[in-house]
Each structure stands twice: as C-alpha cells, then as structure tokens.
Amino acid sequence: MKTNNRHTECCSTDDKKAELPKEESAQHKEGDVDEHEAEKPGWKSHWDLLLSLVILFIMLTMEYGVDIVFNNAINLVIYGIAYLLAGWKVLDLAFRKLKRFDIFNEFFLMSVATIGAFLIGEYSEGVAVMVFYSIGEWFQDSAVNRAKQSIKALLDVRPDEVTVLREGSELRVDPSSVALDETIQIKPGEKVALDGQLISENASFNTAALTGESKPDTKYAKEAILAGMINLNTVAEVKVTALFKDSKLSKILEMVQDATARKSQTQLFISKFAKVYTPIVFFLAVMVCFLPYFLVNDYDFNTWFYRSLVFLVISCPCALVVSIPLGYFGGIGLASRNGILFKGGNFLDVMTKINVIVMDKTGTLTKGVFKVQEVVADKIDKKELIRLTAILEKNSTHPVAKAVVDYAGDTGSTKAEKVEEIAGHGLKGIIDGKEILAGNVKLLKKFSISYPAEVDKVVDTIVVVSINKSYAGYITIADEIKEDAAQAIKDMHNLDIKTVMLSGDKQSVVDQVAKKLGIDEAYGDLLPEGKVEKVQTLKDGGFRLAFVGDGVNDAPVVALADAGIAMGGLGSDATIETADVVIQNDQPFKIVSAIRIGKITRSVVWQNIILAMVVKVIVLGLGAGGVATLWEAVIADVGVALLAILNAVRIQKMTV
C-alpha cells in the first residue's frame with residue numbers, strides 16, 4: 001500500500017524512501033528492513049535499538065542504583081556505542097538531507113540536539129533522547145502499517161485456490177488461472193473467488209465482506225455472484241464472467257488502497273504548517289542559546305545551550321504529522337467495516353460539512369424492483385401491446401424496462417431495430433416494420449402524438465406506448481419504498497440536514513413518495529439537465545450538498561455535488577469509478593453512517609492537533625525557562641505522539 005499521507009517531517013520508512021533520490025534509495029534501505037527482514041517479528045528488525053535501550057538501562061542503574069560511576073572517557077565510549085546503535089539511521093538520514101541543504105526536518109533537529117548533549121557531557125540524556133525518539137518512531141510506523149493492513153484485511157478476502165470443472169474433473173487451481181466462461185464449484189463454507197453467474201438452481205451466500213450485512217442472501221439461477229461472498233448451505237456452480245484481476249472485489253480493494261493517498265484539507269494544512277513551524281522553532285532555539293548573552297549578567301553558554309537543545313527536542317512535529325493521517329486511515333477503515341467506501345480522507349472532511357442531501361428516487365429510496373400493475377390497450381390486443389413494448393424495452397437497463405420484460409415473459413426471437421434511447425423520455429425503435437415509442441408522456445409530446453387526458457391523471461409510474469405515431473395504450477408500474485428509508489430521512493433531519501428528492505418520474509409519484517418519507521422538497525418530471533439545474537440552484541444558495549444516486553445516469557449531478565454517493569456500488573463498475581463515496585448495499589441509513597464517520601474522524605483528528613500543540617507550547621516554555629530537562633522533553637514528545645496514535649487507532653473500534 002502506498003504511504004503518501006505522510007510528509008517530509010514525518011518518519012514512516014516508506015516515506016523516507018520517497019524523499020531520497022532514486023540512486024540513494026537504491027543504495028540504502030533508509031535504516032529499514034529488507035524483504036527478508038520484513039517477515040521477521042518487529043523486535044528482530046530493531047535489535048540494535050533494543051540493545052541500546054538495555055545499555056542505557058544498565059548504565060543508569062549502575063549510576064543511580066548502586067552508585068557506580070565510570071570516568072568520563074569510559075562513559076563516552078559506552079554511551080557512544082549505545083547512541084550509534086539507536087541513532088545511526090536518524091544520523092544517516094540527517095546527513096543525506098544536509099547534503100541537499102535540507103536542515104529543517106526532525107532528523108536534523110534530533111541529531112543536533114543529541115550531539116549537542118554529548119558535546120556538553122550529558123551523555124545519558126543524549127542517548128535517552130535518541131532511544132526514546134526512535135522507539136516512538138517504531139511505534140508510529142507500526143501503528144500506520146497496522147491501520148493500512150486492517151483496511152486491506154476488511155476487503156482482501158479472496159481465497160488462494162478455487163475448484164474449477166474441466167473435462168468432467170474437479171481441479172484445485174489458482175483463481176488467476178481461470179478463464180472466462182469456465183465453471184467453478186463452491187462448496188458450503190467456501191469463499192467465492194471470482195465474479196460469475198449462478199448455474200445452480202439456488203444458493204445462499206453471506207455477503208458481509210462486501211456489504212457489511214451478515215444476513216444470508218439467497219441467489220437464484222442466472223443471478224450475479226461476486227468474489228468475496230461465502231457459500232452457506234449447498235454446493236453451487238458458477239459460470240465465470242470476469243477474470244480474477246477484474247472482479248468487483250479487486251476494484252474495490254484497489255480503490256480503498258488508493259484512498260489513503262488522497263489527503264484531506266486538514267492533512268495538507270498540517271503538512272504546510274510543519275514546514276513553516278520547524279524552521280521557526282529552529283531559529284528560536286538558536287535565539288534561546290545566544291540572545292541571553294545580551295540580556296543577562298551571569299550568562300553561561302552551557303546552561304543556555306542545554307536549554308536550546310530541550311527546545312529542539314520538544315519542537316519535533318512528528319505527533320502532528322503522524323497521528324493525523326493515521327486518524328483518517330482509521331476513518332476509512334471504520335467506513336469499510338460498515339460497507340461504506342471513501343475514495344480518500346478528503347471526502348471524510350467533506351461529509352462533515354454537508355447540509356443538504358439530494359437523492360434520486362429509484363434504487364435509492366425505493367427498491368427499484370418494479371412490477372406491472374395494469375395494462376390498458378387502445379385498439380390493440382393487450383398481449384400484443386406487452387409483446388411489442390417488452391421487445392423494445394429489452395434494450396434498456398432501467399428497472400421499469402426490466403419490469404415490463406419480466407412481465408411479458410418469452411417474446412420469441414424478434415428483435416427491435418434502429419433503437420434510440422431518448423434521455424429522460426424513453427425508447428424509440430422499429431419492430432416488425434412498425435415504429436414503436438415506449439416511455440413517459442413527454443416522449444409522446446415530443447413526437448406530437450395525442451393521447452387521452454386520463455393518462456395524465458394516473459398516479460403510478462407509467463409507460464405510454466405508440467405504434468406508427470398513434471397512441472396504443474399504457475402500462476402502469478409500481479415501486480416499493482425501502483424499509484429503512486423513512487428512518488434515514490428522520491436521522492438526516494436530526495442532524496439538521498435538508499432533504500431533497502429529484503426524479504425523472506412523474507410529479508404525482510414523486511410527491512407520493514416524498515409525503516410518505518417526510519422529504520423537505522421533491523421534484524419530478526426532470527431530465528438530466530433539469531437535475532443539474534436544481535443542484536446548481538442549491539449550490540448558488542450557499543448549501544454544501546451530497547448527491548445520492550447510481551453514479552452512472554446522474555454523472556453530471558455527481559460531478560457538480562460536493563460529494564457524490566453511489567448506492568449499491570457492487571452492481572456497477574462505472575459507479576465505483578465515478579462516485580466519491582460508495583455504499584456497498586442499498587440501505588439509505590448508510591448515508592447517515594457516512595456522515596457520522598466523517599464527524600467522528602474529524603473530531604479525533606482535532607483532539608490530536610490540540611493535544612499536541614498544547615503540550616508542546618507548555619514544554620517549550622518550561623525548556624526555555626530552564627525548568628524542563630532533555631528527559632522531560634523527549635518523554636513529552638514521544639508521550640504525546642503515542643497518546644495521539646492511540647486516540648487515532650480507536651476510531652476503527654467505534655460503532656456508528
């Protein structure tokens with residue numbers, strides 16, 4: 001996983017590599033482990049640091065515990081060995097940065113502070129600063145890596161082997177070697193390795209890894225099965241429809257990995273702040289050392305030099321630069337665990353500022369599972385009206401079209417020709433030499449085809465049909481509101497968020513749904529450009545808004561919104577590509593969960609910022625005044641960093 005979220009002042013080993021020229025990076029490991037060492041437990045790759053800690057502990061015990069004190073030369077040798085064991089990586093980095101005239105970084109600050117301590121004979125304190133600083137770095141790197149690994153583990157549930165049926169035999173092979181249209185077999189308890197279409201009559205699957213929902217989902221023949229699902233009850237056979245690298249799960253995993261590289265505004269601010277803050281405190285430390293020469297009568301260089309070293313140690317900005325991206329990793333991880341995928345930490349911030357949620361109707365607030373309610377034919381047999389309409393609607397993926405096709409059943413081998421989809425209106429095509437129009441009443445008006453006045457009074461969703469420019473009848477279709485939609489709208493109102501519904505469906509249907517759910521504003525009969533106009537009007541009014549839809553047909557609105565949220569993202573590759581936030585199932589209450597996760601993350605991040613700044617200001621003052629020693633400085637620096645890390649890590653354990 002990339003670790004782009006930390007900056008020059010930060011201390012992740014991956015970032016240290018990124019900071020160096022390629023030739024240097026190739027020659028050095030930045031003091032980090034190589035590929036073989038990476039497999040060892042953490043302590044084995046930090047043996048030198050641990051040995052240094054042991055030496056420091058023994059020397060301090062001998063001096064303060066049993067009153068054994070070595071002479072200055074022996075102390076210098078022993079503490080010097082301990083210092084190099086703990087700090088050679090930091091010194092190496094500081095030297096390389098110095099060659100590039102980069103002295104305003106934590107590595108150079110720590111090197112100057114600790115070498116300075118040695119120069120004035122404070123060997124034990126110089127070693128202590130380097131040891132505890134390096135231990136803090138180790139814990140910080142470990143926390144960041146664990147956060148990223150936990151995000152990956154939430155989704156990387158793909159099995160290493162799969163059973164494929166070839167020439168009548170069952171073979172266990174690597175999923176990446178399975179070709180399209182091959183048949184794989186999934187036994188009860190096994191994870192599905194590849195996307196496909198169910199061949200078996202039916203099977204139940206646990207989709208928790210994909211949707212966050214643990215309840216069984218029963219699939220039937222020809223329905224889509226996705227990698228990551230777990231077969232629950234019977235042997236199932238699946239026809240592979242996507243290669244291993246092209247599965248929905250692979251794309252989602254890639255998306256979440258990339259999300260950690262997209263920095264929030266807070267992260268960018270802290271990065272810029274650290275770049276200004278570090279040189280300022282460096283020069284302040286110089287002033288602490290030399291300015292008193294002109295202000296006090298009994299100026300002692302060693303005393304004020306020591307105070308400036310304390311100043312340098314506590315000024316290290318690592319607690320800020322590490323804990324903040326770690327907080328955003330935690331937010332992304334918490335969201336992933338709840339079936340919500342953020343494409344970056346920046347969108348966690350955006351969700352905290354949303355005060356209007358604009359929603360599509362079909363598939364977002366309603367189930368999008370339409371059923372034909374009534375067929376009204378005019379001068380044509382009902383069966384023929386359904387047959388012609390279904391043949392044309394086969395060329396559309398809209399849920400209304402699917403309802404007509406399902407209702408019609410087998411329509412034979414006849415196909416529509418010269419099919420044209422007219423956005424926001426319907427379809428036009430030629431069937432058996434006849435020009436067929438099927439869509440809403442706007443379609444007939446567009447082609448100047450008259451129809452009975454009672455058609456406009458039908459409340460349900462309606463498909464009006466014309467044959468050879470003559471009205472032929474209509475089909476009414478009804479949708480069902482999702483069970484949690486009303487509660488989701490109520491929760492949005494509790495967060496002082498205005499709710500707006502936009503739909504291409506007729507106004508009477510839209511008003512009916514809006515009234516049942518308690519939506520503030522609802523607009524129907526909208527073409528795609530009409531939706532854009534409504535959203536633009538809201539933005540012009542100063543609102544920060546999120547648009548929730550399928551992310552494909554509403555692409556212009558998604559692009560215009562501050563945050564584009566896609567519902568049921570597992571069903572569409574285009575959704576994963578275009579949306580900023582993907583909700584992996586079709587539950588509207590996850591919209592509220594996404595907002596809450598954003599607020600939790602922002603709260604924890606600012607807690608860390610305030611904690612770090614308050615502690616640093618206090619200890620900087622104490623150090624300049626001669627009250628705090630290097631011991632207090634390093635403990636305060638490492639301590640506040642560890643507290644901030646623990647605070648950030650707890651995000652992933654929270655519930656929303």
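Predicted model: local features only at pLDDT ≥ 70, side-chain atom pairs only at ≥ 80, totals over all residues.
## Other salt bridges

A search of the whole structure finds 19 salt bridges. One of them joins D406 to K402, with the closest N and O atoms 2.9 Å apart; because the two residues are four residues apart in helix α14 (residues 399–408), about one helical turn separates them, and both D406 and K402 are exposed.

Another salt bridge brings together the side chains of D562 and K539 at 3.3 Å, N to O. D562 lies in the loop between α19 (555–560) and β21 (563–567) and K539 in helix α18 (residues 528–540), so this pair ties together parts that are 23 residues apart in sequence. K539 counts as partly exposed, at 25% relative accessibility. Salt bridges that share partners also join E161, R172 and E190 into one network.

## Helix α13 and its cap

The 12 residues of helix α13 (residues 382–393) should span 16 Å at 1.5 Å a residue, which agrees with the 16 Å between its end C-alpha atoms. D381 caps the N-terminal end of α13, where a side-chain oxygen lies 3.1 Å from the backbone nitrogen of K383. Among the buried residues of this helix are L385, I386, L388 and E393.

## A buried serine

S52, found in helix α3 (residues 47–64), counts as buried at 0% relative accessibility. Beyond its neighbours within four places in sequence, S52 is in contact with A82, Y83, L85, A86, V127 and V131.

Conventions:
Residues numbered from 1 in each chain as written. Heavy atoms only, no water. Buried < 20%, exposed > 50% of the residue type's maximum accessible area, 1.4 Å probe, protein only. Contact = heavy atoms within 4.5 Å. Expected span 1.5 Å × (residues − 1). Polar contact = N/O pair within 3.5 Å; in protein donor to acceptor, adjacent residues only side chain to side chain. Salt bridge = Lys/Arg side-chain N within 4 Å of Asp/Glu carboxyl O.
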